[in-house]
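This report covers a single protein chain, from its overall fold to selected residues. The sequence and structure are shown here.

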Amino acid sequence: CNVEGIRAKRGDGKCAFCGREKGAKVFCSIMGCQERFHASCGLVNMCMLQDVAEPDAEFSNRVVYCRQHLPSLIRQGSNALDKKRLKESQDLSINGNQNNLGWGEVWDK
């Protein structure tokens with residue numbers, strides 16, 4: 001398992017599903033959302049984890065959405081800010097994804 005480069009703050013807090021503090025957690029990619037959970041816990045609890053980068057991209061760009069921020073729900077809803085943040089979370093040209101896996105110069109600031 002490659003653990004080099006994992007952001008230290010991924011170990012902070014409890015998983016929203018199992019409640020355990022141990023292990024790295026992913027964050028919902030919607031800026032401002034406080035949900036964090038183990039990737040495996042998120043998958044079995046209907047969260048979404050997806051890579052939106054092109055297959056030949058130098059780095060992957062994984063987006064993770066908690067159940068409250070599933071893209072299908074945001075698109076159906078009327079919350080303009082959530083729609084804006086959803087679009088930003090998938091934009092590789094900006095730092096609009098709080099689930100950044102650690103590549104970049106300002107990811108822990």
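The model is predicted. The protein has 3 helices and 4 strands, arranged along the sequence as β-β-α-β-β-α-α. Of its 109 residues, 30% count as buried. Among contacts between residues at least 6 apart in sequence, 49% join residues at least 24 apart. The exposed surface comes to about 7,100 Å², and carbon and sulfur atoms supply 50% of it.

The largest nonpolar core contains 15 residues. Those with the most contacts inside this core include Cys28, Ile30, Phe37 and Cys66. Strand E4 (residues 62–65) contributes 3 residues, the largest share of the core. Beyond its neighbours within four places in sequence, Cys66 is in contact with Cys28, Cys33, Glu35, Phe37 and Cys47.

Ser29 is located in the loop between strand E1 (26–27) and strand E2 (36–37). Is Ser29 buried or exposed? Ser29 is buried, because its relative accessible area is 0%, under the 20% cut-off. Not counting residues up to four places away in sequence, Ser29 touches Arg62, Val63, Val64, Tyr65, Ser89, Gly96, Asn97, Gln98 and Asn99.

Two side-chain arrangements are listed with their distances.

| Residues | Arrangement | Distance |
|---|---|---|
| Ser29 and Asn97 | polar contact between side chains | 2.8 Å |
| Lys9 and Phe27 | lysine over the ring face | 5.8 Å from the ring centre |

The structure also holds 1 aromatic pair.

Terms used. Residues numbered from 1 in each chain as written. Predicted model: local features only at pLDDT ≥ 70, side-chain atom pairs only at ≥ 80, totals over all residues. Heavy atoms only, no water. Core = buried A, V, L, I, M, F, W, Y, C linked by side-chain atoms within 4.5 Å. Buried < 20%, exposed > 50% of the residue type's maximum accessible area, 1.4 Å probe, protein only. Helix = DSSP H or I, 4+ residues; strand = E, 2+ residues; numbered from the N terminus. Contact = heavy atoms within 4.5 Å. Polar contact = N/O pair within 3.5 Å; in protein donor to acceptor, adjacent residues only side chain to side chain. Phe/Tyr/Trp six-rings, centres within 6.5 Å; stacked < 30°, edge-to-face > 60°. Lys NZ or Arg CZ within 6 Å of the ring centre and 35° of its normal. Areas by Shrake-Rupley, 256 points an atom, 1.4 Å probe, with all protein chains shown as cover.
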